[in-house]
Structures are given as C-alpha cells and as structure tokens.
Amino acid sequence: MNFHVLTLFPEMVNDCLHTSILGRAVLKGCISINTVDIRDYADNKHLRVDDYTYGGGAGMLMRAQPVYGAYEAVEKRIGFRPRVIYLTPQGRVFDQQMAKDLALEQDLVFLCGHYEGIDERVLEEIVTDEVSIGDYVLTGGELPAMVMIDAIARMVPGVLSNGDSARTESFEDSLLEYPQYSRPEVWHEKAVPPVLLSGHHANIEKWRREQAVIRTARKRPDLLERAVLTKEEQRLVLQVREEGKDGSLPDEGEHE
Ligand code: ADE
C-alpha cells in the first residue's frame, strides 16, 4: 500500500514513519511512504506557500496553487485520481473501522494543513474525505496523518510479524483487550492468574473473553452498544454495573 503525504514538513513525517514497525514494513515492501513537499510546487520567486485571508481575520492561509501542484504530482505519478484525506477537526472522527476500510486502498493521499487552514477552492477540487483524529485542535495535519497511517498500515497484510495480533486486540468485536502477563509468575506479591498457567487452552480463551467483557464494561461501557454478547456475557456486564454502584470496583481476577 502506498501512502502519499502532502506537507510543509516532509522530514517530520519521514523520520517518524521510517522508524520501528513501519520502517521495517517499508524495507519489506509492504508499504511505501512518499512525502511531497508542498513548498517545492510554489510558483513564486520566494516559494511562498501562505497568504492573507480575504475579508480579514488573524493568521495566514495556505495558498491553493502549491497545494494543487503537489496533488497533481501524485496524480501524475500513479496515473489516476486517488482518495485524498484532508486532516481537519471538522472531519469525521477516525476509528478502527475506518482504518480497516482505508487499508483496502492501493494509494491514499494525506493533505496536511497549517496556519489557519487551506484555501477552500483547492479543497473543493481535490479532497474526497475530511477526517479528524479527535475533538481537539492541533497545530497542523502531520501528527493526525501519522496517527492514521500507523493505524491503517498495521492492518495491511505482512506489516505485523504475527498475523494474529491485528485481529485479537482492542476494538475487535467492539471489546477492549484482556489483561496480559509475562514472567515472573509473581511480581510485587501479585501472582499471574492461575488459569493462564494451566495449559488448558479452552479455559484460557474463555477467561480472556470474560476479561475483555469486564474491562470494556468498566472502562468503555459505550463500546458495548455495538458488541455482540452471549446471555452469560450480558449477565457479566450487569454484574459489573451493580458492583460499580457502591463505589467498589469489580475485581478483574474474580472470574477465573
Ligand atoms: N488538524 C488540527 N487538529 C486536527 C484534528 N484534531 N484532527 C485532524 N486534523 C487536525
């Protein structure tokens, strides 16, 4: 899968996305990161990419011309009109399902704004999706683009070395991930739940599923609206709610 990032700060994006798991995925050829410096496409002598807003108001706006030039360079390179994601707090809020859907695309373009935003006319011509990563305002679109690329790339086959780990983590089935433990068996007088040492795979799976339900009920009950739960699991959720009412927190180790 190919990620194209239109940005005024290509080195910021390149440094980050060529590190760790994504860096290895680039070397393996599972993904590519193509940063396009919007400034390279400015048509004026001083390579100016920003200008004053018509009608007054504080701050500068990114000009339409260099943004369009950067976009056209990508379109020429790949030979078709790609999906273009504009990072903005006004967009649809990003989530795991959107990451999965976008991971099916061959090429994705991310347009990173700065200053007070981008001239509306170029947005109308090239943007296909407006996406926000949450209800807060950042100084530019680079961090949101990198957050999205990280979440999308890990859904691309071959990016994660253990193919299973993309499937069994938080938000699968609208549940948070169960707690996990490594050696030693006892640390700070806390023992690993005995079922995990039993070697009984069916019991371990059952325990993990229950823990996922309990955790989600405790930490993110809003997610349960979309989860498909058995009767027994629904009872567990009710139990967690009841236990929470008297101020005590349900014990995660209780349902072994
Ligand atoms: N640009 C500035 N803030 C943003 C946000 N929360 N999400 C996406 N793009 C942004």
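This is a predicted model: local features need pLDDT of at least 70, side-chain atom pairs count only at pLDDT 80 or more; totals for chains, interfaces and linings use all residues.
**Aromatic pairs**

- A pair of aromatic rings is described by how far apart the centres are and by the angle of the planes.
- The ring centres of Phe3 and Phe110 are 6.2 Å apart and their planes stand at 40°, so this pair is tilted.
- Because Phe3 lies in strand E1 (residues 2-7) and Phe110 in strand E6 (residues 107-111), the pair ties together parts that are 107 residues apart in sequence.
- Phe3 is buried, with a relative accessible area of 0%, and Phe110 is buried with a value of 0%.
- Tyr68 and Tyr71 form a tilted pair, with 6.0 Å from centre to centre and 35° between the planes.
- Both tyrosines, Tyr68 and Tyr71, lie in helix H3 (residues 64-78), 3 residues apart, which is about one turn of the helix.

**The largest pocket**

- The largest pocket has a volume of about 500 Å³, and among its 27 lining residues Tyr86, Leu87, Thr88, Pro89 and Gly117 lie nearest its centre.
- Strand E5 (83-93) gives the largest share of the lining, 5 residues, while helix H5 (120-126) and strand E7 (129-132) each supply at least two.
- By class, the lining has 13 nonpolar, 10 polar and 4 charged residues.

**Domains**

- The domain assignment gives domain 1 (2-153) and domain 2 (172-244), whose C-alpha centres lie 38 Å apart.

Definitions and conventions: Residues are numbered from 1 along each chain as its sequence is written. Side-chain values use heavy atoms; hydrogens and water are left out. Domain bounds come from an automatic or database domain assignment. On a 1 Å grid over the protein atoms alone, a cavity is a set of points where a 1.4 Å probe fits but cannot get out, and a pocket is an open set with protein on both sides within 12 Å along at least five of seven lines; lining residues have an atom within 4 Å of a point. Grid points are joined across faces, edges and corners, and a volume is the space filled by probe spheres set on the points. Helices (H or I, at least four residues) and strands (E, at least two) are DSSP runs, numbered from the N terminus. Ala, Val, Leu, Ile, Met, Phe, Trp, Tyr, Cys and Pro count as nonpolar, Asp, Glu, Lys and Arg as charged, and the others, Gly among them, as polar. Rings of Phe, Tyr and Trp (its six-membered ring) pair if their centres lie within 6.5 Å; planes under 30 degrees apart count as stacked, over 60 as edge-to-face and the rest as tilted. Buried means under 20% relative accessible area, exposed over 50%, partly exposed in between (1.4 Å probe, protein chains only).
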